[in-house]
There are 2 protein chains.
Amino acid sequence: MPHRSVAEITDLADRVLAKAGVPAEHAALQRDLLLDAEMRGIASHGLLRLPRLVERIANGVCDPLTKGVQDWTAPGVLKVDGRQGLGPVVAQAALDALAERAATQGVAIAAIANAQHIGMLGFYADRVAEAGKTLIAFSTSEALVHPWGGRRAMIGTNPIAIGMPTGDGIFMMDTATSVISMGEVHDHANRGASLPPGLVLDAEGNPTTDATRGRDGAIAPFGGAKGYALGLAFELLLTALAGSAIGRDVKGTLDSTMPANKADLFILIDTELAPVSAFLELLRAEAPAEGFDGVRIPGERGRALKQKAMDEGLTIADTVWQRLLDLAR
Amino acid sequence: MPHRSVAEITDLADRVLAKAGVPAEHAALQRDLLLDAEMRGIASHGLLRLPRLVERIANGVCDPLTKGVQDWTAPGVLKVDGRQGLGPVVAQAALDALAERAATQGVAIAAIANAQHIGMLGFYADRVAEAGKTLIAFSTSEALVHPWGGRRAMIGTNPIAIGMPTGDGIFMMDTATSVISMGEVHDHANRGASLPPGLVLDAEGNPTTDATRGRDGAIAPFGGAKGYALGLAFELLLTALAGSAIGRDVKGTLDSTMPANKADLFILIDTELAPVSAFLELLRAEAPAEGFDGVRIPGERGRALKQKAMDEGLTIADTVWQRLLDLAR
């Protein structure tokens, strides 16, 4: 896999998006989102997603022109009909509106239905935190996770991200409520690698360590019953607020033909914050447990990888690069 | 352990609180909170906590008269100085203010510092949901949980609860971000029972299954690195919003002499919700995995236990009952 500069990748992604009819302003957001994930080492949410998006535009289930339709149903509550717009375009428009509103209200929330995949939530949490505000972000997804005690996928991977200023920097964490991502299961299957026990069920709902069988089955919630409770709560909360689809009825981020009908939720808080960066310093100075080299602060590994990628470029899988070259032609 | 009726327990708790100088209205809330946990089978958050509270009042680190001081710093943001008031008294006063505000704003948040232990978060999430609104509730606690890769307790058990109407009932989940509670560790130690591997570290930061050693050490975050990230994010968020203490500086819910300086956070949402109860029906009907008798909905076991306790009474540990009888004299 050859090394590419960020400028080279940016240029190719922009050409692919332009060819697909995406206006430059929208293309820049979509490309930034995918490239950000790629640079942070989350390839499953990176440029791999671009060909699918182009197919969705071609199939008429993604509208690259809209920012969605916003409706303030109360001074602090924004409901957004994404109208199948690009995820980061609809999401950023909602965040811009929330930021303006929260500047006077202190807090504002947006429930978004019918947007394309908004990608790695940390992208938004990071940006809001850099702007000096706090964001709690959620999304639902296709059912990939089995309920605790169940046999098949009924619940989304339902991530949460939290971003906030710490006084001399930002804190950002972003985690799915599944124990691993379906991208990692596919990656293991493609490499012929097995998975540790307890991570996936096969199509019949029995435990397996075979990634190819897990691919057709279900992923465990992280942390057992507790992670299940959390993932389910997020699915219920987002679906109820956004009026979107739930469970196995969710479609449109892993296929090329169905409208996207999952939900996204942003809670944006704009108020005075006490500094907490000194506590992060204490954590970094903690003695490491056996088998660890230290206590890590969530988000920092990704931030360091991103900086390295910006300085030195990064490797993109050959198959992905070739596909993008074809799409740019 | 003899069976007691709810009326009998209520009467004794109220006499204890009256003797300690707690006004009837405040006593009713405090007793309801502890009794609710007791009835739901969470004895660690039940009447066990009452003697400590009485000691704290006697020691001047709990003021049973105050509801705290509320300050709306923005139309949607309430900052509360709990002034060492009783947890549920300060919390309920904040929730009442939020409910009134959210009725017009759609969303309002309260960050609370300097209140006593507010108890099981599910108590509040349940009540708000029954009133047709949505609550996301958080608290920090004394440092009892080790950061992932660390050796000693640096982070609170930092629970989250979510309550909401489902269309024909309510959903309520409440979970700590620790893999078990310190109450359960103590319970195992008292019974001479060992713990499964991976749950606690001893005072030197080494893994142990000996509950008596775990009692002096640290509890693991639930779900490893992910639960750590979540618990840490909650600790940073709540501390920054409430301007409260953090990490090992948090005191006042497990001792009888230090002012309580942890944080609590409520996000109350009052907006139209799509019904989601049909999805809970689907989950209940799922085929159980090997070793399970079905898929459970979070909160429902506790709700059933509570109903049973209200109908048939419940058992209170003899030591706790004797202590309460002494305190009522």
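These questions and answers concern strands and the chain contact in a predicted model.

Reader: In which order do the 3 strands of the open sheet in chain A stand?
Author: The pairing in this open sheet of chain A is antiparallel. β9 (207-208) and β10 (218-219) each have a single partner strand, so they stand at the edges and one side of each is left without a neighbour in the sheet. The order is β9-β8-β10.

Reader: Which residue is the bridge partner of A:Leu201 in β10(A)?
Author: Strand β8 of chain A covers residues 200-201. β8(A) and β10(A) pair in the antiparallel sense over 2 bridges. In β10(A), the partner of A:Leu201 is A:Ala218.

Reader: Why is strand β11 of chain B described as largely enclosed, and how many of its residues are buried?
Author: B:Ala263, B:Leu265, B:Ile267 and B:Ile269 point one way from β11(B), and they are buried. B:Asp264, B:Phe266 and B:Leu268 point the other way and are buried too. Strand β11 (residues 263-269) is largely enclosed by the rest of the structure because the number of its residues that are buried is 7 of the 7.

Reader: How many bridges join strand β4 of chain B to β11(B)?
Author: Strand β4 of chain B spans residues 107-113 and runs antiparallel to β11(B). One of the pairs sets B:Ala113 against B:Ala263. The number of bridges that join β4(B) to β11(B) is 7.

Reader: What is the bridge partner of B:Ala137 in β6(B)?
Author: β5(B) also pairs with strand β6 (residues 160-165) of chain B, in the antiparallel sense, over 4 bridges. B:Ala137 points from β5(B) to the side taken by B:Leu135 and B:Ser139, while B:Thr134, B:Ile136 and B:Phe138 point the other way. In β6(B), the bridge partner of B:Ala137 is B:Ala161.

Reader: Is B:Thr134 buried or exposed?
Author: B:Thr134 lies in strand β5 of chain B, and 6 of the 6 residues of that strand are buried. Leaving aside its neighbours within four places in sequence, B:Thr134 is in contact with residues including B:Gly163, B:Ile267 and A:Leu237. Buried means under 20% relative accessible area. At 1% relative accessibility, B:Thr134 counts as buried.

Reader: What area is buried between chain B and chain A?
Author: In this contact, 71 residues of chain B touch 71 residues of chain A. In chain B, B:Lys226, B:Leu236 and B:Phe279 lose the most area to chain A, together 11% of what that side buries. Carbon and sulfur atoms give 75% of the area buried between the two chains, which is about 5800 Å².

Reader: How far apart are the closest N and O atoms of the salt bridge between B:Glu286 and A:Arg152?
Author: The count between chain B and chain A is 2 salt bridges. One of the salt bridges joins B:Glu286 to A:Arg152, with the closest N and O atoms apart by 2.8 Å.

Reader: Which helix gives the most to the side of chain B that touches chain A?
Author: Between the chains, 21 residue pairs are in polar contact (both at pLDDT 80 or more). By class, the side of chain B that touches chain A has 46 nonpolar, 17 polar and 8 charged residues. The most is given, with 13 residues from the run 225-242, by helix α8 of chain B.

Technical notes:
Residues numbered from 1 in each chain as written. Chains lettered and ligands numbered in written order. Predicted model: local features only at pLDDT ≥ 70, side-chain atom pairs only at ≥ 80, totals over all residues. Heavy atoms only, no water. Pairing = 2+ DSSP bridges. Buried < 20%, exposed > 50% of the residue type's maximum accessible area, 1.4 Å probe, protein only. Contact = heavy atoms within 4.5 Å. Buried area = accessible area lost by both parts, 1.4 Å probe. Salt bridge = Lys/Arg side-chain N within 4 Å of Asp/Glu carboxyl O. Polar contact = N/O pair within 3.5 Å; in protein donor to acceptor, adjacent residues only side chain to side chain. Nonpolar A, V, L, I, M, F, W, Y, C, P; charged D, E, K, R; others polar.
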